[in-house]
Amino acid sequence: RWNSELYYLILNSIDNNFKIKSIDENKIDFISHKTKNNSFKNLLLKKYQFLIKYFNNSKSPLIITSYLSKTKEFLFNLNFGSLPYFFNPFDETIFEPNMNVRKFRLNYKCENEFEKLTVNLLPKLIPTSFLEGYHNLASNINNFSWPSNPKFIYTSNSIFFDEKFKLYCAENKSKGVKLFVGQHGGSFGIAKKNFSENYQLSISDYFFSWGWTSKKFENKIIKIGVLTKLKDFKRKPTKILIVTTALPRYSYHLYSSSKSSQFLNYTENHFKFISTLNSSINNSLIVRLIKKDYGWEQIERYRKKFPNLNIDSGETKMTDLLSKTKLYIGTYNATSYLEAIYLNIPTVIYWDINEWEIRDEAKPYFDDLKKVKVFFEDPVSAAIHVNEIYNDIEEWWNSKEVSKAVLNFKNNFCREEKDIVNTLTKKIKCNL
């Protein structure tokens, strides 16, 4: 609905005779009325956060959505003499747009058509929480049970989705409170372009990475390792697991990945990979799809091409799939293949580097993976390699050359830190 509205505004602003079919606004709910879940668990958490303000004080740190396990987050807080908040359970308020308020124009000298269009549309596109609802949002910050003058703020996820946290964070940053941000997924330090990474590095005082650094921000990046320890599980490896993703049909996020209709090329590469595998291997193959389909009709596409393919629609827990994986096939630059390498599961990766672009600083590590046939730029070569090693995958994976290249990669992008809680504590205390 949002993209349809946006394209309508763009087309309506261009001097062309486009035919636009209007839809009755009453039939479409333009505003998302989703709020936080008012389940019994959430109500208990609200009560808990109200009560712990009597234990924590105004100068206690705010550690929230840390990406650590609940147990480790509890211990992390205790190291600073506080109890954990875990996450923000308070509901977001939905505000209706006021078009009279949005009649202002930006005082900006435009030099091209794109800038003219942007200046025209921006007043209409500012989120209501930053305009109509800003006063309400700001006035409620002091009613939170969070510390009024925190020793520091640490988060991995709230910087994205929590408007109340963002304002709380900004208010305290302006008072000199330090913000520590932890890496919460893959592509960081690897993707050529990643707006989210740039944003987090620009606003944080220090950023905890999974092992990589950047010349531009090397003074604030602290290499620490994967923040969340993956659950231990017993492996009975018998399957080849291909893990895929799906992305929205419209460009939604500025980072190096398959965009819009490029997703069709991404899917076609999987078809080429599967078609190249020996028929005897296909019986042990599982293709894991992401649960959210975004309208691509992935299952239908795979079934049409491979009627008997074993497809997991995203319902099975990843740990259950990994427990029976003898070879992991990574197809995109995100968290999952890093987790497989972290767990020392034999891994083969392929993706189109014209879409999933790799930054110059990361290329030497991927070049090393190429040499030992862990990383491929095309699906056919990757499948041929799988055919060759299938009968003794462990021998290939544990060979001296492969182990050296994989360990070097792991130490830089998914490093294991055995005592993550105390390491984080020491790093923060050293930089307060």
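The following legends describe close-up views of a predicted model.

**View A. An open sheet of five parallel strands.** The sheet is built from 5 strands in the order S1-S2-S3-S4-S5, and their pairing is parallel. Strand S1 (62-64) and strand S5 (221-223) each have a single partner strand, so one side of each is left without a neighbour in the sheet. From one strand to the next, the twist averages 15°. Helix H18 (residues 420-430) packs on the sheet, where it touches S2, strand S3 (179-182), strand S4 (206-209) and S5. The direction of H18 makes about 155° with that of S4.

**View B. The pairing of S1 with S2.** Strand S1 is joined by 3 bridges to strand S2 (residues 153-155), and the two run parallel. Within this pairing, isoleucine 63 stands opposite tyrosine 154 in S2. Tyr154 also belongs to a cluster linked by ring pairs, together with Phe76, Phe80, Phe152, Phe180, Tyr206 and Phe208.

**View C. Helix H9 and phenylalanine 273.** Helix H9 (residues 262-276) comprises 15 residues and reaches 22 Å from its first C-alpha to its last, close to the expected 21 Å. Among its buried residues are Phe263, Tyr266, His270, Phe271, Phe273 and Ile274. Residues up to four places away in sequence aside, phenylalanine 273 touches Ile242, Ile329, Tyr350, Pro379, Ala382, Ala383 and Val386. The largest nonpolar core has 106 residues, of which Tyr154, Phe273, Tyr337 and Phe366 touch the most other members.

View D. The rings of phenylalanine 366 and phenylalanine 409 have their centres 5.2 Å apart and their planes at 85°, so the pair is edge-to-face. The two residues are 43 residues apart, with phenylalanine 366 in helix H14 (residues 363-371) and phenylalanine 409 in helix H17 (residues 400-413). Phenylalanine 366 is buried, at a relative accessible area of 1%, and phenylalanine 409 is buried at 0%.

**View E. A tilted pair of tryptophans.** The ring centres of tryptophan 396 and tryptophan 397 lie 5.6 Å apart with the planes at 50°, so this pair is tilted. Tryptophan 396 counts as buried at 12% relative accessibility, and tryptophan 397 is buried at 3%.

**View F. The exposed lysine 236.** Lysine 236 lies in the loop between S5 and strand S6 (239-243). Its relative accessible area is 68%, so lysine 236 is exposed. Neighbours within four places in sequence aside, lysine 236 is in contact with Ser323 and Lys324. The C-alpha atoms of lysine 236 and serine 257 are separated by 33 Å, the two being 21 residues apart along the chain.

Note on methods. Residues are numbered from 1 along each chain as its sequence is written. This is a predicted model: local features need pLDDT of at least 70, side-chain atom pairs count only at pLDDT 80 or more; totals for chains, interfaces and linings use all residues. Side-chain values use heavy atoms; hydrogens and water are left out. Two strands pair if DSSP finds at least two bridges between them. Helices (H or I, at least four residues) and strands (E, at least two) are DSSP runs, numbered from the N terminus. Axes are lines fitted to C-alpha atoms, for helices over the stretch in contact, and angles run from 0 to 180 degrees between N-to-C directions. Contact means heavy atoms within 4.5 Å. The expected span of a helix is 1.5 Å times one less than its number of residues. Buried means under 20% relative accessible area, exposed over 50%, partly exposed in between (1.4 Å probe, protein chains only). A nonpolar core is a set of buried Ala, Val, Leu, Ile, Met, Phe, Trp, Tyr and Cys residues joined through side-chain atoms within 4.5 Å. Rings of Phe, Tyr and Trp (its six-membered ring) pair if their centres lie within 6.5 Å; planes under 30 degrees apart count as stacked, over 60 as edge-to-face and the rest as tilted.
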